[in-house]
Structures are given as C-alpha cells and as structure tokens.
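Subject: A structure for you to look at

Hi,

Here is the structure I promised to pass on to you. Have a look at it first, and then read on for what turned up in it.

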Amino acid sequence: MPVRIREALATLPAYAPGRTVPGAVKLASNELSYPTLPVVADAIAAAVADDSPTSVAGINRYPDNGATNLLAALSGYTGAPVGRLIAGCGSVALCQQIVQAVAGDGDQVLFGWRSFEAYPIVTRITGALPIQVPVTAGHALDLDAMADAVTPQTRLIFVCTPNNPTGTAVTSADLESFLDRVGDDVLVVVDEAYREFDSSPDSPDGAAVAQRRPNVLALRTLSKAYGLAGLRVGYAVADEPLIEALRKVAIPFALNSVAQAAAVAALGAADELRPRWEQVISERARVTETLRSTGFEVPTSQANFVWLPLQDRAADFAAHCEQHAVIVRSFSHADGGGVRVTIGSPAENDQFLAAATSYRS
Ligand SMILES: Cc1ncc(COP(=O)(O)O)c(C=O)c1O
C-alpha cells in the first residue's frame with residue numbers, strides 16, 4: 001500500500017518559479033538587476049571565512065536562531081522594538097508561518113486575485129480555504145469587496161501593496177478605511193515586498209500601521225530592492241504575541257548565518273542602493289510609456305515590474321518574447337491572464353521593448 005499523503009495536497013500545485021534560460025535575459029522573477037554591492041560581498045566573505053576552531057560564528061556552527069544582529073539592525077531601520085520583529089527564510093516562509101499561526105482546517109484566508117501566487121498554496125497547506133476577491137477593472141485590489149467578503153470564518157487577509165503581479169498600490173487612506181471595517185480579531189498582512197519602488201506619496205507605511213494596530217502585520221523582504229533574493233531574508237513587524245506565535249512555527253535555523261550577515265550589511269547600505277531603486281522607477285516610467293504608445297494596456301505600477309493584462313494572448317506573447325531571448329512571466333487566462341515583466345537594466349529593458357514592439361507590428 002502506498003504512503004498516505006494528505007488529501008489536502010492532492011490538487012495543490014507546487015509553487016512555479018520564474019524560468020531561467022541560459023543566454024536569455026530573465027525578467028520573470030522581479031529580482032534587482034545589479035551586481036552585489038562590495039560591502040555586502042565583503043560581509044558574506046567574512047561570514048564564510050570566520051571558521052577558526054574557536055570561532056563561535058563560523059559556518060561550522062549553527063546560525064544565531066534569534067538573528068540578534070539582524071533584528072537589531074531591523075529595529076534601527078523600522079523603528080520597531082526587537083520584540084515586534086521576526087526575520088525568516090524569505091518573506092514567503094513567513095507567509096507560511098503566518099497561515100500556520102492563525103488559520104487551520106476550514107478557516108478562510110482572503111486576498112485579492114490576481115495576487116502573489118504563493119498565497120493560495122500556503123493557505124491550502126494548512127487545510128484553510130483561500131477566498132479570492134477579483135481585482136477591479138483597473139487591476140487594483142478591491143478593498144471594499146474584500147471587506148464585504150469577510151465572514152466569521154475569516155482569520156487572515158493578505159493585502160499586497162504594490163500588488164504582485166498587477167503593480168497597483170493601495171492608498172494609506174483606503175487601507176485605514178478598510179482596516180476600520182475589518183474586525184480586530186482578523187489578522188491583516190500588509191505585504192510590502194516592493195515598497196522601496198513605490199514612489200506614490202499616498203502609499204502606507206505598513207510597519208508604522210502595524211505598530212498602531214495589533215491586528216496588522218507588515219511583511220517585507222530583502223529579496224527585491226536589497227538584491228538578496230538568492231540568500232533568502234524576509235522580515236515582519238507585528239504585535240509581540242503574534243511574533244511569538246510565528247517563532248513557534250518557524251523551522252529552527254532556517255535563516256542561515258551568511259544570509260544574516262549579508263542582510264545587516266545590505267540594510268546599512270540603503271543609501272548606496274537608493275540610486276538603483278530610482279533608476280528602476282525611471283525605467284518603469286519609460287517602459288510603461290513605450291508600451292502604452294505601442295497600444296498595450298499597462299496599469300500604473302509602483303513595483304519593479306509592469307503588468308500586461310493580455311488575457312488569452314498572454315502565453316503567446318511570452319513565447320514571442322522568449323524567441324527574442326527575453327523570459328517574462330505569463331499567468332493563465334482562467335484566473336485573469338496576463339504577463340508580468342520585471343524592470344531590468346536599461347539594456348535589458350530595451351531588449352524587452354524591441355520584442356514587445358515587434359509583437360505588435
Ligand atoms: C508580494 C510578494 N510577497 C512575498 C514574496 C516572497 O519573497 P521572498 O520569499 O523572496 O522574500 C514575493 C516574491 O516574489 C512577492 O512577490
């Protein structure tokens with residue numbers, strides 16, 4: 001008799017990452033397209049080299065499970081006390097910990113759709129039910145409809161802003177009105193994975209909101225703007241009892257010592273990174289304008305990617321881009337199809353725009 005795998009996993013798709021194709025430009029995973037800063041590379045090298053037999057921090061030792069130095073750096077960076085902070089193996093690991101902490105069998109987890117692909121997966125892993133509220137005709141989260149969809153079974157709501165993959169951001173005023181409507185016993189996660197690319201003055205600061213409202217958690221990552229996608233570092237700001245619960249469901253030592261050292265260095269180098277974020281923002285405007293002038297619909301994005309709601313032409317467009325050695329991310333039609341394109345270096349963006357323009361002509 002075969003091993004009995006949980007019924008809940010039978011129809012659960014595994015997470016599908018953006019594809020890497022040798023020789024092609026990858027604009028499929030919203031990474032930062034710049035080399036590692038020397039100060040970060042030095043911190044990584046030092047963390048690896050610190051392996052003398054008497055060292056207490058070399059990679060022959062387990063990492064600091066409490067991520068003491070990193071939490072201290074994050075505390076300085078966010079203004080939140082250390083007790084209100086947790087770091088994890090990417091913010092996606094924290095997403096899973098959050099669901100595990102607050103939603104079990106039959107509980108409802110609500111989010112806009114389309115939104116981050118991992119939300120329905122981490123929800124169903126625990127046996128909770130994903131409730132997907134369609135985005136507006138303008139591809140923005142429909143916070144009114146999301147508040148209307150809250151039931152006594154709702155335990156958790158993900159508000160992804162800027163939203164992956166549509167790029168739209170909610171305003172601070174709209175988020176506050178939404179939070180006023182949602183019960184205090186429902187956890188609202190403000191997923192700010194792309195916040196450093198958000199140039200709107202009306203956007204919320206989730207970490208500040210999380211310090212005012214005990215049912216709000218701000219989720220952030222160093223994978224995008226900080227260029228550490230390969231090292232896996234995310235963090236959350238929330239009320240202490242919730243942080244305590246997230247610690248209980250964490251996989252021990254999941255955040256390795258090299259990643260912790262690199263994250264501290266990257267946070268300290270925010271001023272060096274900022275010009276890169278500014279270039280992404282100006283390139284985003286250029287890519288958006290060029291696409292629009294060619295006839296594509298492109299919602300205004302506050303992230304490091306743009307969304308092309310191509311519906312049933314999404315896969316065809318992605319295949320055309322691949323023929324031009326550019327890998328983009330297409331999402332199936334049934335769920336509101338489209339193509340998400342990361343903003344890369346100016347040369348990479350030119351290569352994508354050449355491909356996109358030739359699709360139209
Ligand atoms: C909205 C959003 N949240 C969280 C994540 C997870 O990022 P990471 O696990 O690399 O921190 C992603 C990654 O694409 C994302 O788009």
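This is a predicted model: local features need pLDDT of at least 70, side-chain atom pairs count only at pLDDT 80 or more; totals for chains, interfaces and linings use all residues.

Domain 1 brings 28 residues to the contact, and domain 2 brings 31 residues.

How big is the area buried between domain 1 and domain 2? The size of an interface is often given as the accessible area lost when the parts come together. Here that comes to about 2300 Å², with carbon and sulfur atoms giving 63%. On the domain 1 side, Tyr15, Trp277 and Gln302 lose the most area to domain 2, and together they make up 27% of what that side buries.

What holds for charges and polar atoms? Between domain 1 and domain 2 the count of salt bridges is zero, while 10 residue pairs are in polar contact across the interface.

Now to the ligand. It is surrounded by 13 residues, and the closest are Ser91, Tyr194, Thr221, Ser223 and Arg232. By type, the shell divides into five nonpolar, five polar and three charged residues.

- Asparagine 164 has a polar side-chain atom 2.7 Å from an oxygen atom of the ligand.
- Aspartate 191 places a polar side-chain atom 2.7 Å from a nitrogen atom of the ligand.
- Tyrosine 194 has a polar side-chain atom 2.6 Å from an oxygen atom of the ligand.

On its own the ligand has 400 Å² of accessible area, and the protein covers 94% of that.

Enjoy exploring!

Note on methods:
Residues are numbered from 1 along each chain as its sequence is written. Side-chain values use heavy atoms; hydrogens and water are left out. A residue is near a molecule or strand if one of its heavy atoms lies within 4 Å of it. A polar contact is a pair of N or O atoms within 3.5 Å; within protein, one must be able to donate a hydrogen and the other to accept it, and residues adjacent in sequence count only if both atoms are side-chain atoms. Accessible areas come from the Shrake-Rupley method with a 1.4 Å probe; for residues, only the protein chains shown count as cover. Ala, Val, Leu, Ile, Met, Phe, Trp, Tyr, Cys and Pro count as nonpolar, Asp, Glu, Lys and Arg as charged, and the others, Gly among them, as polar. Contact means heavy atoms within 4.5 Å. Buried area is the accessible area (1.4 Å probe) that two parts lose on being put together, summed over both. A salt bridge is a side-chain nitrogen of Lys or Arg within 4 Å of a carboxyl oxygen of Asp or Glu.
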